[in-house]
2 protein chains.
Amino acid sequence: MATTTSPQTHLLPQTNNPFLKKPITTFTSQISLRTNPTFKPISIKCTATTQAQPQAQPQTQSHSSDRVFNFAAGPATLPENVLRKAQSELYNWRGSGMSVMEMSHRGKEFLSIIQKAESDLRTLLEISSEYSVLFLQGGATTQFAAVPLNICKNDDAVDYIVTGSWSDKAFKEGQKYCKPNVIWSGKSEKYTKIPSFDDLKQNPEARFLHICANETIHGVEFKNYPTPNNKNGILIADMSSNFCSKPVDVSKFGLIYAGAQKNVGPSGVTVVIVRNDLIGNAQDLTPVMLDYKIHAENNSLYNTPPCYGIYMCGLVFEDLLEQGGLVEVEKKNKKKAEILYNAIDESNGFFKCPVEKSVRSLMNVPFTLEKSELEGDFIKEAAKENMVQLKGHRSVGGMRASIYNAMPLAGVEKLVAFMKDFQAKHA
Amino acid sequence: MATTTSPQTHLLPQTNNPFLKKPITTFTSQISLRTNPTFKPISIKCTATTQAQPQAQPQTQSHSSDRVFNFAAGPATLPENVLRKAQSELYNWRGSGMSVMEMSHRGKEFLSIIQKAESDLRTLLEISSEYSVLFLQGGATTQFAAVPLNICKNDDAVDYIVTGSWSDKAFKEGQKYCKPNVIWSGKSEKYTKIPSFDDLKQNPEARFLHICANETIHGVEFKNYPTPNNKNGILIADMSSNFCSKPVDVSKFGLIYAGAQKNVGPSGVTVVIVRNDLIGNAQDLTPVMLDYKIHAENNSLYNTPPCYGIYMCGLVFEDLLEQGGLVEVEKKNKKKAEILYNAIDESNGFFKCPVEKSVRSLMNVPFTLEKSELEGDFIKEAAKENMVQLKGHRSVGGMRASIYNAMPLAGVEKLVAFMKDFQAKHA
């Protein structure tokens, strides 16, 4: 799955995208290491109307002293060099005389931005031309309705695996638009597990199988994916909180959706990757803004998209490519998670993580204190040392450290050192 | 309707908003010139976690030489001082060690931002506590569905006045969720008129009367509003393209909605102002994200809102208050529109505006050239002089100058001077 691209060079699969019929961008060299036969890369570059300003040097996971380490579950920390670049371009994007926030979404400047964002995301995840990539609004919660409205009829059976709060919410919203059935729930074990796939009792008549790939609140993550044995073979995943944190074989999915505000941008952008043959059968009562066909036909420009958020996602995608793609990103994420989980496991029970070891999230690390009365102090003292947003979700309590792509290793190391100090003081 | 506030002082009506029960912001002085008995102002200030950076001086409608004059219909030009302030704060918001894009939407920093944005908007439009103010996603197009889904049953009759493309789209989407009836259409006259209210044949059984207060594409604007004589007395308006461009008596409306990307911010934020008694009766099939009750009960924080866009809207609201409120803003808008329409009308037919004079929009000025073969040259030559996005909407052709709040008078003066030169060359 490794992709190697030089900075400034990005790949785009061939699609029926009208952007590509009338390219307004500059096409440069071609690089491809991929094997997917439907993935025929061309490269695309984001162009300015007049002169380009010098680009910021990539400063991978740098951290300035005036920054806090922000462990929030989302919106979440963004790469420092991406923020610096956004700041330098905010007032006047690359000599255009405008902020990205002011650009007509149909003007050549913004078209080049959204094209390049799509192109870079396709490169990162090796998304073939059999899939449409949509930049939408409304978060995963909107997709909880849009998915059944688009993919099934209202009397279709659908299988949901419920591994935490988010898949439960998806199931509940689905009840309005299909006949969903929970084929496995981790609720009785406080959402600390992922089921064994062999034990799943999938309904062969189900229209699709739905999972949440990473539960942000409970910190359980699918390490591989069940094979849907419904007659349509459709697997659908909410990947909001582990999107672009590691390579994923998109071809195994009918549809992937993700709010941007964890790993790839600010809140207000939702990415939907949907296999083209699943588009075009929305239920009659589907609001036009929830109809994938409308957005796919209009390249996410049916109405005014969240332009600035898409621009920010584009900067993050560039940054991920410059880091060497998702294989490299996953290595860093594994390293960070390893030292944090080790610190918990080696604390002789002073810290505890309730999640089964084999399915612990690389992104969201929930933990508790044996002496739970100290949790308030832990969070307060950490904040004094500029480590913020460590409080667990209100529904589960305890602590949670979200360590998304943009959390530097130094942030996790500092947290671990703090945990050891805290334990020494209070053991 | 005039409001006078000193910079830094903003008013908030009393509501059941939990923010106000547990205020985390600093309350300063109180100023109110309003007469609305339900409007009981208190003032609210946006606070930083550590030290505040010096605030940018208001530079009302200034224009730097490296900026273009951007006549786009939306996303559109933003106030230069707002962009400068956003730029200065992008990397590290007021000493918080975070960008606004990175803040948890449930953290004290962002709560102070969204509270202040709501408070300032309530001040600008004198919105009483009988109304909820929601910051949502999905644009007006999402509201075309959300309005009937929330306000009526699916067999309710509803009256729509169709004065252009946008009210027509609202009507068409409404067909999925109610029994809409077009009681007046300007289509046969190419959408150049607003009906005489006396001639309207309103259905007394209609659940509500829907209008588009300003048609962005066709440039027709309601100068006052019809009285709904349906049994419920509900008037609903899409105000996307003239929102906050002038004072509006909100109490005449059951619901007002507006995409932010014309007058008050970047794309990706939709403001809904809805009378509280109309909340809570959504149709069963309403997606949870389109249900006003959910958003009102959660102060727009049911799921992750478009945080950065809301922050930008907040900066614009501050700027409008610093300009003296909407009475002063309207004066500037009238002045700008006057000199542009005069230039058209005094061109001896070289330039033409098709819209009936009494209902010409202060925001969107469509015009054509008698010698239509010159229109391409007009747009191209204007762009050379840094006046961009003057092409008319693809559905109507010709030219369109959108002159929203943030378009400086100097921009319109420059356009008018250019038009006169162009005419002299080509007459």
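Chain A of this predicted model has a secondary structure of 10 helices and 14 strands. Of its 427 residues, 63% are buried. Chain A also meets chain B, and the contact takes 62 residues from each of the two chains.

**Chain A on its own**
- Among chain A contacts between residues at least 6 apart in sequence, 71% link residues at least 24 apart.

**Where chains A and B meet**
- About 5000 Å² is buried between chain A and chain B, and carbon and sulfur atoms give 56% of that area.
- A:Tyr91, A:Met101 and A:Glu102 supply 16% of the area that chain A buries against chain B, more than any other three residues.
- Two salt bridges cross the interface; one of them joins the side chains of A:Arg67 and B:Glu102 (2.7 Å, N to O).
- Between the chains, 35 residue pairs are in polar contact.
- On the side of chain A that touches chain B, helix H2 (80-90), helix H4 (139-151), helix H5 (165-174) and helix H7 (307-322) each supply at least two residues.
- The largest share of that side, seven residues, comes from H2 of chain A.
- By class, that side of chain A has 26 nonpolar, 25 polar and 11 charged residues.

**A look at B:Ser241**
- You will find B:Ser241 in the loop between strand E8 (235-238) and strand E9 (255-259) of chain B.
- B:Ser241 counts as buried because its relative accessibility is 1%.
- Its side chain makes polar contacts with the side chains of B:Asn214 (2.8 Å) and B:Thr216 (2.9 Å).
- Beyond its neighbours within four places in sequence, B:Ser241 is in contact with residues including B:Lys262, B:Met363 and B:Tyr404.

Terms used. Residues numbered from 1 in each chain as written. Chains lettered and ligands numbered in written order. Predicted model: local features only at pLDDT ≥ 70, side-chain atom pairs only at ≥ 80, totals over all residues. Heavy atoms only, no water. Helix = DSSP H or I, 4+ residues; strand = E, 2+ residues; numbered from the N terminus. Buried < 20%, exposed > 50% of the residue type's maximum accessible area, 1.4 Å probe, protein only. Contact = heavy atoms within 4.5 Å. Polar contact = N/O pair within 3.5 Å; in protein donor to acceptor, adjacent residues only side chain to side chain. Buried area = accessible area lost by both parts, 1.4 Å probe. Salt bridge = Lys/Arg side-chain N within 4 Å of Asp/Glu carboxyl O. Nonpolar A, V, L, I, M, F, W, Y, C, P; charged D, E, K, R; others polar.
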